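Student: Could we go through this model together? I would like to know what stands behind the terms we use for it.
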Amino acid sequence: MATTVIETRPDVLIDFDKESQGDVRTEEMLINMGPQHPATHGVLRVVLRTDGELILESVPHIGYLHRCAEKIGENLQPYQFIPYTDRMDYLAGMNNNQAYAIAIEQLVGIEVPERALYIRMIFAELNRIASHLVAFGTYGLDMGAFTPFLYSFREREMILDLFESACGARLTYSYINVGGVHDDLPDKFLDVLLEYLDYFEPKVAEYNQLLSYNHIFVKRTANVGVISAADAVGWALTGPVLRGSGVNWDLRKSTPYEIYDRFEFDVPVGLPGGSEGVPQSVVVGDCWCRYMVRVLEMLQSCRIIRQAIKQMPDGPHLAGKLKNLKLPDDEIYVEIENPRGQLGFYVRGDGSTIPARVKARGPSFCNISILNHVGSGCLLADIPAIVGSIDIVMGEVDR
Amino acid sequence: MKTLMRYDKTILAGLLLAAMACCSASAVAQDYPDPKERPERVVEGEAVPQDAYRSEVTPVVESVLFYIFGGALLLSAVGLCICRDVVRMATCLFFTLGSAAVLYLLLGAFFLGAIQLIVYAGGTLILLVFGVMLTNKSPWVRFDCKPAEMIAAAGVAIVLFFGLATMLTTTEWAQSTGEARSTTVAQFGKALLTTYLVPFEVASVMLLVVMIAAAYMARQE
Amino acid sequence: MTQMSVPWRPRGKVRYTGLSGLIAGFARAIYGMAAPVVRAFPGSILLGAIFTVILVGWAHFLLFEFADNHLIGADSNISAVRGFLGAELTLAEIENGLAVAGAPAPGVLQYAFYPIQFRIVRDLLSAGGILGFISVIPLYTIWWERKVAGRIQSRTGPMRVGGWHGWSQSMADGIKLINKEDFVPDHADGVLFRLAPYVAFVPAILAFFALPFGTYWVFRELDVALVFILAMLGIEVLGVILAGWASNNKWSVYGAMREACQMVSYEIPMGMALLIPVMAVGTLSMTEIGNVQGDGWTSWIVFRNPFTFAAAVVYYVAALASCKRAPFDLPESESELVSGFHTEYSGFRWSLFFFGEYAAMFVVSGLCVILFLGAWHSPLPMSLADRFLGDDLLSRAAKGLFFSGPLWFVLKCVWLLYVQIWIRWTLPRIRIDQVLYACIQYMLPLMMVILLGHTLYELLVPVHGIVWTFFNIALSVIGGAVMLFLVSIACYGYLNRVKLVGWLGVETLPGS
């Protein structure tokens, strides 16, 4: 046979040595997944080193959506920065508002009215449901099941309707503000909310039937991308990713902030296969556990909201003057449980109305760091499964 | 008129049903005699049926098709030799095999033609491309010849050409008798399981051995 | 003002020339003229079009039948070439035959009937019909897939184009696709890139040439139709591989490799599953396999014995893989490979892949219907028709409507297409290694057992004996029960849609 001449395309990584020429061996290929790829949930770019379908290395590259959010925070008064926090984790705007508001309130020492606390909590939990619905739907999409996505968006749409009735916005709410919430609830809001909960809770069982316990879905996600509890703690993972690894850590329960200590709810954690409601092939810390923690958390949020509706007090919804707050020469770091994990805000004041330093600790940013650790040695089709189960929002990773 | 327009869908749906009924009805002509088009089925032990398919294509059309596909076969065979890109070679090979299959069909050898298509064009070739893409250093492999190899190849080609040419010119070809040229699947099967049973079984065992050997080699890393 | 310097080649307004320009211009002109009419009578036009298509097909069939019975069939022993262009019948003979058959306007019609005696004229007519059918089938399957997907996802699907439930949405999409730029990426293998869609599309058409729609509704009744159709489905894969390779895109190469991988795994169980009915009937001819199943739904091969039943299921699963349909849509899996092998395709070439895919969906459904599900026969036995119905036009219409005919074939195919769509919008996608395991580790041994079992069953169990009848009846009852169950579920779901979706869902989204 004639000699073979390897002509390479400029963009192909050739790992070519003369010794192995006669060998039957596949070539390693560098491949860009993203920033424009349907499964990377935004503009994440993962550089994959592949051997056929096998992934040898997957390195996340971030920064495509960087908007200097922290620097903006150092040039604006706190109430003005609230809209920017919406745009960090744009799927959980309420929670982001809440985190920054709490940080400022604790720094300044503002007493938030009781009613505002309840309203905040209801909205935070509603937003948690909405955010998990997106995570659930897009995860189905990543696995090739299109229909759950539409169902979850149908349900989320109703939550957004509720939000819209309260604050006029459907994505970037800026509703929870320093000192409370900027408007009181509209008439009959709680009745509609209760009606929605009655509608929504049975739907979760339907989703489980459609997707969670689907044989193919379990095959695709069980024992894929396993993060051990030690790894999860070691990489500072938080939120459902941490709880999926079997670590019972939820800030709402562990170090309750605001009024979370007044409610009864459970913290779902990843369980080994064969436990109640868990397929046999599931391993603690795999994609299925992370996914299932989110589904169960939606039910727990419903439970919290139901209790909050019963306890809802009357009174003012805002502590009073919000503008031109003098920030003391002090610093504060506050973490709350965002749908994706622990969202922390570090704020340092210098006596003026504008913070000297604002720093955010984003859960998505920390969670995505483990991608290379679990994303090596798996198959190409597992990468969307892992990325989807970590559930990142690029707006918050890049800030 | 307006009322009529309001119910146009209903009316048309009714007409549609009627049309469907007519359409289906015309297909029920089970007892529709057509001796010219449908040969009798093969009865065991009987002589082969008349070659009904062949007569359908007039000689002119047949020769036109023969020249078209013969030309395609030659062209793609030449292309197979002169292409340097492996996948292009495979594409040329596909057209060569496909044209050969069409020639078989023109000769009335339907079974052979279909088998040629499914085994070579559909199966083997795809495996070949797959193998090239999967196991080589790069999917973008090209062949390049040294002059010495070209000379050697040319020598082999010339010898082969003269050998074939001599054979073609000296052989006394059997003249077509104009009958019994197509063989049915049933006859094929019967021949394979009676007259040619031993070669058939030997070939099967050999393939089995090859398969086991391949599996063994693949497991050895 | 100077032109801005841009890193890419600045281009003015793209003007299409040549064939694509012609097609685009033609399509635009047609649409411009037709749009007002379509807007005025949307539903009527759709139904009218279907009506016309069926009527034209029927008229052709009757025409050929008439010509054969009264003109050619009357003198079937004529073999000498006598007429113009080597025809067997002269104009005078045709006129005579027409007069005998009682045709009106003698002296004119023979000119119309003269070309019909040539095989090639009939072939061209039939080929035109088949091409028309193949063009319509993907258009409406795509539209229907979108409607079904919409309903499954509590949406409405396309509603606007053409008026009645967006029935001409696919045509509008087609016009859009023709008008789009046929893009060839830099460093792509231009020849193969342009060739690949046709390699994928043409075999899908060719498969229709051997696929019978009814006893005589077939373009060429091949002795080896089954092998031929399988070969065509196999060649389609080559187009996909070429497309993936020629695109100079790594995702496309992945798609191509997956397709090849998948084909290697599904084709063996699929071929073996198709052998079962061939063994049961003893022929490779599809028409004959279809015609032995005319004795009511208990005579359908799928209900013949447990092995054929299992083979039908295995075949359908493998057929899903062969059409690249979910859950086996790995070569084009959107969330993993962007679009797989057709990532770099656009416009007309891209639409060719889709035409090929939907045509192949119909072909595999057709194979399943002919080989397992009673072909063009209705669940009622033909003997009933023979007993009660005569041979006049009305009786034949009744036969066609209730007993056997292309209508039943198409209906069953459409039902199987619906199942494919239903599966696609319900299930997640399997991983590539799981496809290989499923096909080679489970389906292949299973098929071997089925093949062996079926052989022994056919050899040892006497036909119409007690065991044979028991299994036949039991399976038929199961099949009927499944069908009834599905129908009743659909009815229940429709009647209780408000309760099932909830008032919020119904009110928020129309059509849920």
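Tutor: Gladly! Keep in mind that this is a predicted model. Let us begin with chain C, which has 20 helices and 0 strands.

Student: How many of the residues of chain C count as buried?

Tutor: Chain C has 512 residues, and 46% of them are buried. For that label, a residue needs 20 or more other C-beta atoms within 10 Å of its own.

Student: Which residues touch the most other members of the largest nonpolar core?

Tutor: They are C:V224, C:I229, C:V363 and C:C368, in a core of 264 residues. The biggest contribution, 18 residues, comes from helix α8 of chain C, residues 225-246.

Student: What is C:V363 in contact with, leaving aside its neighbours within four places in sequence?

Tutor: Its contacts are C:A204, C:A207, C:F208, C:L211, C:I229 and C:L233. Each counts as a contact because the C-beta atoms of the two residues lie within 7 Å.

Student: Now to chain A. How do you know that β7(A) and β8(A) pair, and in which sense?

Tutor: Pairing takes at least two bridges, and these strands have 8, in the antiparallel sense. One example is A:I332, whose bridge partner in β8(A) is A:V347.

Student: What is the order of the strands in the open sheet of chain A, and why do β7 and β9 stand at the edges?

Tutor: The order is β7-β8-β9, with antiparallel pairing. β7 (331-338) and β9 (357-361) of chain A each have a single partner strand, so one side of each lacks a neighbour in the sheet. Neighbouring strands are turned by 15° against each other on average, direction ignored.

Terms used. Residues numbered from 1 in each chain as written. Chains lettered and ligands numbered in written order. Predicted model: local features only at pLDDT ≥ 70, side-chain atom pairs only at ≥ 80, totals over all residues. Helix = DSSP H or I, 4+ residues; strand = E, 2+ residues; numbered from the N terminus. Axes fitted to C-alpha atoms, helices over the stretch in contact; angles between N-to-C directions. Buried ≥ 20, exposed ≤ 12 C-beta atoms within 10 Å, placed from the backbone. Core = buried A, V, L, I, M, F, W, Y, C linked by C-beta atoms within 7 Å.
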